[in-house]
Each structure stands twice: as structure tokens, then as C-alpha cells.
Amino acid sequence: MEYLKVAKVLSTVGLKGEVRVYTTSTFKDIRYKKNSVLFYLDENNDYKELHVKTYRNKEGNIDILSFSEFDKIEDVENLLNKELFALKDYKNLDKNEFYYSDLIGSTCFDEEGNELGKITDVKEFNANVSLELKLNECEKIIYIPFNNLFVPSIDIENKKVIIHVIEGLLEI
């Protein structure tokens, strides 16, 4: 089974076991549907199941969740600062769609075929989503805006990404 990080628990809300989370998933309606299963890592690094009882959006990526396993604040305090995971499920995706995590480890090339480095992460900033690229040449990290202008081609199957390099993009 492959797990996908979908949220991080920020704080408790009220006295009835609700938590405020920062969501990183684009499938909130699926992930947080009543009785859907999420996971967290316990103190032994084992994945433990949670069943969503309620969900509401606070604002933007901040959501409020409660779980069937917990019904008071003391029960959810052990979830503070923990990440929540879902099972990676490709049936949620349309053809030619993929998870950001599928890009990690991909090799980046410029449009002339020169190898630039490897994608080490995908970051969601307020302004845009960016690929974190570790350059081969100097092992520095740079960020490439993840859009059609800068990333004209992605081959998930072969873990190959083509980057359109403009002046100053690769400078550190």
C-alpha cells in the first residue's frame, strides 16, 4: 500500500474532538466524505486508521474534521502536529492525470536533452505550485514554476520531465 499525505493537524477545535487541519489534497470531497478512512503514524511509526465523522471548510486549505474514534478534546490532542494520510488511489484521477508525489525522483531535462537534475519535491506556495529541482551540476536546489510555460512535457511512466529554460531560471 502506498500512502499519500493529505493534511497536517494544526490544533484542536472546541471540546468535542474536532481538529483544524491544513489540507494538501485536491480531493477534499472524496478524502473527507463521511466514513472515509485516513491514517496517521503512531509513536511506533505504524499507520493507524481514522474514520471521518464530519468535515467542514474553514477557509482556503484550512478545514475542520472530526473522527468516529474520538469524541472529546483529550482524545485528539495526540494528533496535534501529525500528518494525515490516505491510500493513493488512481481511480480518482482522469486519464493523463497524476499525483504530485509521482513526480518526485523524476529526471529533468532541458528542451535540448541536457540532463539538469532530479525533482526532490513539489511545493505548493501561495502564488503557485513549484517543482523543487536538485541540480546535478552543483547540487543546489532551485524552484521551477509548475505550469505549461516552464514544464511543457511530463512522462510519468519513464519519470522524465522537460523544462523550458529561460534566462536566469537556473541561476543560483
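1. A residue counts as buried when its relative accessible area is under 20%. F39 has a value of 7%, so this residue is buried. Y3, at 22%, is partly exposed. Y47 is also partly exposed, at 33% relative accessibility. These values come from a predicted model.

2. Next, the largest nonpolar core. This core holds 17 residues. V21, L38, L65, F67, L79 and L84 touch the most other members. At least two residues come from each of β1 (3-13), β2 (18-23), β3 (37-41), β4 (47-59), β5 (62-67) and β6 (83-87). Strand β1 gives the largest share, 3 residues. As background, nonpolar side chains in soluble globular proteins tend to be buried together.

3. Look at L65 in detail. Leaving aside residues up to four places away in sequence, L65 touches G17, E18, V19, V21, Y32, L38, T54, Y55 and L84.

4. There is a second, separate core of 16 residues. Its members include V129, I142, V161 and L169.

5. Now the rings. The structure holds 6 aromatic pairs. Y3 and Y47 are stacked instead, at 3.6 Å centre to centre and 10° between the planes. Here strand β1 is linked to strand β4, and the two residues are 44 apart. Y3, F39, Y47 and F85 make up one aromatic cluster.

6. K160 places its charged end over the ring of F109, 5.3 Å from the ring centre.

How values were computed: Residues numbered from 1 in each chain as written. Predicted model: local features only at pLDDT ≥ 70, side-chain atom pairs only at ≥ 80, totals over all residues. Heavy atoms only, no water. Core = buried A, V, L, I, M, F, W, Y, C linked by side-chain atoms within 4.5 Å. Buried < 20%, exposed > 50% of the residue type's maximum accessible area, 1.4 Å probe, protein only. Helix = DSSP H or I, 4+ residues; strand = E, 2+ residues; numbered from the N terminus. Contact = heavy atoms within 4.5 Å. Phe/Tyr/Trp six-rings, centres within 6.5 Å; stacked < 30°, edge-to-face > 60°. Lys NZ or Arg CZ within 6 Å of the ring centre and 35° of its normal.
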